[in-house]
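Please read these notes with the model open beside you.

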Amino acid sequence: MTGSVRKVVTGAPWEDQFGYSRAVELSNGTVLVSGCTSVVDGQIADGGPYEQTVNSFAVAFDALKQLGLGAEHVVRTRMYLTHARDVDEVGRAHKELFDEVRPAASMIIVSGFVDPRLVVEVEVEAYRGEEA
C-alpha cells in the first residue's frame, strides 16, 4: 500500500514485465481494474468469445475480491474485442454476469492483443460507496 492507495498484484507475468498492478483502489473508494484477459494459471484458456469474456471477468472479480468487493460494486465495464462478429457472444456473457448490476458499459473493436489467440479483454471500475 502506498499512502491512501491500495494495490492488488496477482503475480501475472505481465504485471512485473510491464510494471503495473492488477487493481488500484483510490482513497475515495473507486477501484480501477487493469485489462484482464482469459489467462488461467499462466495459460490462455480454451474457448471462444463467450468463454474468454467469462474468464476475463473472473480475473477482474478475483482482484475485486482481494479488496473485499464483488460484482455488485462494479459501476463501469469496458470490453475490447478483435472482431465485430463477437459482439453478441461477449454481450451475452456480460448480461449473464451483470444483468442485476447494470453498470455503464462500452464495447470497442480493436486490432488485436499481445497474443493473437486472445479475442477479448475487459476492464472494470468499481466503487466501494459509503464504506470508503
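**Notes on the predicted model**

1. Start with Asp99. Its relative accessible area is 28%, so Asp99 is partly exposed. Here buried means under 20% relative accessible area, exposed means over 50%, and partly exposed lies in between (1.4 Å probe, protein chains only). Asp99 pairs with Lys95 in a salt bridge, 3.0 Å from N to O. Asp99 also forms a salt bridge with Arg102, with the closest N and O atoms 2.7 Å apart. A salt bridge here is a side-chain nitrogen of Lys or Arg within 4 Å of a carboxyl oxygen of Asp or Glu. Lys95 is partly exposed, at 46% relative accessible area.

2. A word on the basis. This is a predicted model, in which local features need pLDDT of at least 70 and side-chain atom pairs count only at pLDDT 80 or more, while totals for chains, interfaces and linings use all residues. Residues are numbered from 1 along each chain as its sequence is written, and side-chain values use heavy atoms, with hydrogens and water left out.

3. Arg102 sits in the loop between H3 and S7. Its phi is positive, about 55°, although Arg102 is not a glycine. Arg102 counts as exposed, at 60% relative accessibility. Helices (H or I, at least four residues) and strands (E, at least two) are DSSP runs, numbered from the N terminus.

4. What is the total of salt bridges in the structure? The structure holds 10. One of them joins the side chains of Arg85 and Asp86, at 3.9 Å from N to O. Are these two partners buried or exposed? Arg85 is exposed, with a relative accessible area of 65%. Asp86 counts as buried, at 8% relative accessibility. Side chains of opposite charge can pair when their charged atoms come close.

5. Now helix H3, residues 87–98. At 1.5 Å a residue, its 12 residues should span 16 Å, and the end C-alpha atoms are 16 Å apart, which agrees. The expected span is 1.5 Å times one less than the number of residues. Val90, Ala93, His94 and Phe98 of H3 are buried. Seen down the axis, the buried residues of H3 fall within an arc of 110°, so they line one face of the helix. The arc is taken from the directions from the helix axis to the C-beta atoms. On the other side of H3, Asp88 and Glu96 are exposed.

6. What do the buried residues of H3 pack against? Their partners are helix H2 (49–66) and the strands S6 (74–81), S7 (104–109) and S8 (120–127). Contact means heavy atoms within 4.5 Å.

7. H2 has 18 residues. From first C-alpha to last, H2 reaches 26 Å, close to the 26 Å expected at 1.5 Å a residue. Its buried residues are Pro49, Tyr50, Gln52, Thr53, Ser56, Phe57, Ala60, Ala63 and Leu64. They cover an arc of only 165° around the axis, which puts them on the same side of H2. The cover over these residues includes S1 (6–8), S2 (23–25), S3 (30–36), S6, H3 and S8. Gly68 follows H2 and has a positive phi, near 80°.

8. Thr82 lies in the loop between S6 and H3. Thr82 is buried, at 14% relative accessible area. Leaving out residues up to four places away in sequence, Thr82 touches Ile109, Val110, Gly112, Phe113, Leu118 and Val119.

9. Which residues make the nonpolar surface patch of about 220 Å²? They are Val87, Met107 and Ile109. Val87 belongs to helix H3 and is partly exposed, with a relative accessible area of 32%. Patches are made of residues with over 30% relative accessible area and no salt bridge; like charges are joined within 9 Å, nonpolar side chains (Val, Leu, Ile, Met, Phe, Trp, Tyr) within 5 Å. Accessible areas come from the Shrake-Rupley method with a 1.4 Å probe; for residues, only the protein chains shown count as cover.

10. One more backbone check. Asp41 has a phi near 50°, a positive value in a residue other than glycine. Asp41 sits in the loop between S4 (39–40) and S5 (43–44). At 79% relative accessibility, Asp41 counts as exposed.
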